[in-house]
Amino acid sequence: MKPSKTKTYEHAITGLLGERADLYNELIHLRARIAEIGNDMATVDKTLRILGFKDNLDDLMPEWSGPSLLPHRQLSRSISEMLREATEPLTSRQIALKIVQARCENPNDRTYMNKLTNSVWRTFGNLRKQGRVVSEGNGKGLQLWRLER
């Protein structure tokens with residue numbers, strides 16, 4: 001390998017930063033496209049129902065559910081951090097939205113948001129069993145969660 005003419009690798013750093021920006025822009029575009037596809041599928045499903053289709057649509061789809069939403073145990077750590085920083089109790093949906101925003105993901109992807117909200121809710125159940133969080137109703141059918149003191 002030929003040695004570098006500069007010791008600072010300025011050209012390599014500039015090139016890599018440009019490549020990173022391109023990859024980030026592509027990622028944002030793909031996430032937006034995934035959200036569009038999910039919304040389009042929901043519209044097709046509604047139309048099928050209106051036209052009288054009665055079978056379970058999920059039974060017609062492939063069984064692969066995709067990768068997990070977050071790596072193992074990262075969800076409970078994220079939830080704990082957000083509750084620590086919160087000034088008031090939060091709902092599962094609010095936590096899911098904060099996670100999506102922190103990961104620069106698309107909060108308009110309804111399917112993903114619903115899956116993540118359900119995962120957060122199930123994780124809250126586990127954290128409650130461990131005595132790490134408590135919940136209280138807000139009078140509107142929602143559970144507000146906070147860290148156990």
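Which residues of α4 are buried? Keep that question in mind while the whole chain is on screen.

**Whole chain**

The model is predicted. Show the protein chain as a cartoon and count four helices and two strands. Going along the sequence, the order is α-α-α-α-β-β. Of the 149 residues in the chain, 22% are buried. The accessible surface is about 11700 Å², and carbon and sulfur atoms account for 55% of that surface. Among contacts with a separation of 6 or more, 51% join residues 24 or more positions apart.

**Helix α4**

Select residues 110-129, which form helix α4. The 20 residues should span 28 Å at 1.5 Å a residue, and the end C-alpha atoms are 29 Å apart, which agrees.

Now show side chains. The buried residues of α4 are Tyr112, Met113, Leu116, Thr117, Ser119, Val120, Thr123, Phe124 and Leu127. Turn the view to look down the axis of α4: the buried residues fall within an arc of 165 degrees, so they line one face of the helix.

The face of α4 turned away from the buried side carries Trp121 and Lys129, both exposed. Before leaving α4, select Gly131, which follows the helix and has a positive phi, near 80 degrees.

**Helix α3**

Select α3 next. Its buried residues are Ser92, Ile95, Ala96, Ile99 and Val100. Around the axis they cover an arc of only 140 degrees, which puts them on the same side of α3. Gln101 and Ala102 are exposed, on the face of α3 turned away from its buried side. The partners against which the buried residues of α3 pack are α2, α4 and β2. Just past the end of α3, Cys104 has a positive phi of about 55 degrees.

**Helix α2**

Move to α2, a helix of 12 residues. From first C-alpha to last, α2 reaches 17 Å, close to the 16 Å expected at 1.5 Å a residue. Select Leu75, Ser76, Ser78, Ile79, Ser80, Met82 and Leu83 to see the buried residues of α2. Their cover includes α3, α4, β1 and β2.

**The nonpolar core**

Which residues have the most contacts inside the largest nonpolar core? Select Ile79, Ile95, Ile99, Leu116, Val120 and Phe124, which hold that place in a core of 18 residues. Helices α2, α3 and α4 each supply at least two residues of this core. The largest share, six residues, comes from α4.

Centre the view on Ile95. Leaving out residues up to four places away in sequence, Ile95 touches Ile79, Met82, Leu83, Leu90, Val120 and Phe124.

**The aromatic pair**

How many aromatic pairs does a search of the whole structure find? The search finds one. Select Phe124 and Trp145: the pair is stacked, at 4.4 Å centre to centre and 0 degrees between the planes. Phe124 belongs to helix α4 and Trp145 to strand β2, so the pair ties together parts that are 21 residues apart in sequence.

Are the two partners buried or exposed? Phe124 is buried, with a relative accessible area of 0%. Trp145 is also buried, with a relative accessible area of 1%. Buried here means under 20% relative accessible area.

**Glu136 on strand β1**

For the last stop, select Glu136, in strand β1. Glu136 is partly exposed, with a relative accessible area of 35%. Show its surroundings: apart from neighbours within four places in sequence, Glu136 is in contact with Pro89, Leu142, Gln143, Leu144 and Arg146. Then draw a distance from Glu136 to Thr91, C-alpha to C-alpha. The two residues are 9.9 Å apart in space and 45 residues apart in sequence.

Terms used. Residues numbered from 1 in each chain as written. Predicted model: local features only at pLDDT ≥ 70, side-chain atom pairs only at ≥ 80, totals over all residues. Heavy atoms only, no water. Expected span 1.5 Å × (residues − 1). Buried < 20%, exposed > 50% of the residue type's maximum accessible area, 1.4 Å probe, protein only. Arc of directions from axis to C-beta. Core = buried A, V, L, I, M, F, W, Y, C linked by side-chain atoms within 4.5 Å. Contact = heavy atoms within 4.5 Å. Phe/Tyr/Trp six-rings, centres within 6.5 Å; stacked < 30°, edge-to-face > 60°. Areas by Shrake-Rupley, 256 points an atom, 1.4 Å probe, with all protein chains shown as cover.
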